[in-house]
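This report describes one structure from its computed geometry. The sequence and the model are shown first.

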Amino acid sequence: MVLGWRRRRISHHAGKKHPDVELVVPNHFRCPISLELMKDPVTLSSGITYDRESIETWLEAGNFTCPATNQILRNFDQIPNHTLRKMIQDWCVEKKNFGVERIPTPRIPVSPIEVSEILFSVAASARRLDQYRCLELVQKIEKWGGESERNKRCIVANGTAAVLAAAFDAFANDSVERNATVLEEILCALNWMFPLDVETQISFGTQASLRCMVWFLRCKDLSPKQNSIVALKELVSCDQHIAEKLSDIEGVIEILVEFIRKQICPIITKASLTIIFHLISFPCSSEKIKLTFVRIGLVSLLLEILVDSDKSICEKALGAFDGLCGCKEGREEAQSNALTVPVLVKKILRVSDLATEYSISALLKLCKYGGRDEGRVLVEALQVGAFQKLLLVLQVGCGDEAKEKATVLMKLLNPYRAGLECIDSVDFKNLKRSF
């Protein structure tokens, strides 16, 4: 390869011998794709050397040619160029006074064969309920995954999640308390393998596995709580039957509400809201589940969160609130809270299209099925500017479902407008400007 030279300005830290100077970097030390100094040079069948990360990105994008020569590759083998890598390392050491750090010797990427072999051993140890051997193997998988994104992709692509989910179920069926360490480790590994395929969801969504994850939710340590709640969120979001099985586990509803009340960390809060949304929103959701959430104070808790929360939490909280308004007890609790109507109207066109749809849907349920308090809710909605906001929803454009519900709600509000004083034009302009 012809040697070329590129100039690169290096800014030095205080104390270095040389001030800012133009550092000459050999072109053949640079990746032809990224033009950066190569950290893990590999050679293709075309004879051209690239940095491993750059050429893998190129090949994964569906390219079958060498980027430099446009030659069709005979194979996709990437042969480590140890000689060039050592030359680059020596050059880095030589230029250390210029602030150049020596590149570390790259680890050899894990191969599909190695992954298959370790998964076979994981399955065998799970059948024997050998938690110590299984723990050792799972930790090795996690170590591989932590070395590079390429390793993670290789691990996931070779069916690791399904094997770990089956092992989790086996140990959970045996004894959660006795196998807690290996179960926690498997759960930690699975958390970076989402989303799960259908086969893995079936293994991971068994009653024993769900009970184990709920058991971890009661732990004092934050890590198992977080891993468990994220896993449960993933499962209930994909399968309504798993949501049904989860709702049957004693104490899970109280745990979820407590997580929202204490707001231990944003990840746990968001995951808890998502799980609650799915528990009360799936078609077969029983009134008993909704009633339990209402009785332990979720309605008022959601309203408190909605007063001041970020976009993602707000959307999930509004979705859960809308679901609770689907039952009589939930509507009665919402109507008795002074925050309900002002907060719902405020969130229209303030957060996102999804939040707007949930807000309108909840207001419609309160106004249409509110019983004897229906008229009071309609008047209060008008007083806080609901009609004007609904007009804007129809004008600026939201989802079709939101527009349809807005139209129905406006028809309910219209008869009550005559009994109220008209908003003067100045106030209305200020109202529009605040949107």
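Helices (H or I, at least four residues) and strands (E, at least two) are DSSP runs, numbered from the N terminus.

## Basis of the values

The model is predicted: local features need pLDDT of at least 70, side-chain atom pairs count only at pLDDT 80 or more, and totals for chains, interfaces and linings use all residues. Residues are numbered from 1 along each chain as its sequence is written, and side-chain values use heavy atoms, with hydrogens and water left out.

## Sheet and packed helix

Three strands make up an open antiparallel sheet in the order E4-E3-E5; two strands pair if DSSP finds at least two bridges between them. At the edges are E4 (49-51) and E5 (79-80), each pairing on one side only. Helix H1 (residues 52-60) packs on the sheet and touches E3, E4 and E5, where contact means heavy atoms within 4.5 Å. The direction of H1 makes about 95° with that of E4; axes are lines fitted to C-alpha atoms, for helices over the stretch in contact, and angles run from 0 to 180 degrees between N-to-C directions.

Strand E3 (residues 41-43) and E5 are antiparallel and share two bridges. Valine 42 stands opposite proline 80 in E5.

## Lining of the largest pocket

The largest pocket has 20 lining residues, with Asp40, Glu53, Pro106, Glu147 and Ser148 nearest its centre. On a 1 Å grid over the protein atoms alone, a pocket is an open set of points where a 1.4 Å probe fits, with protein on both sides within 12 Å along at least five of seven lines; lining residues have an atom within 4 Å of a point. H1 gives the most to this lining, with five residues.

## Backbone features

A cis peptide bond, with omega about 0°, joins phenylalanine 194 and proline 195. Leucine 129 has a positive phi, near 55°.
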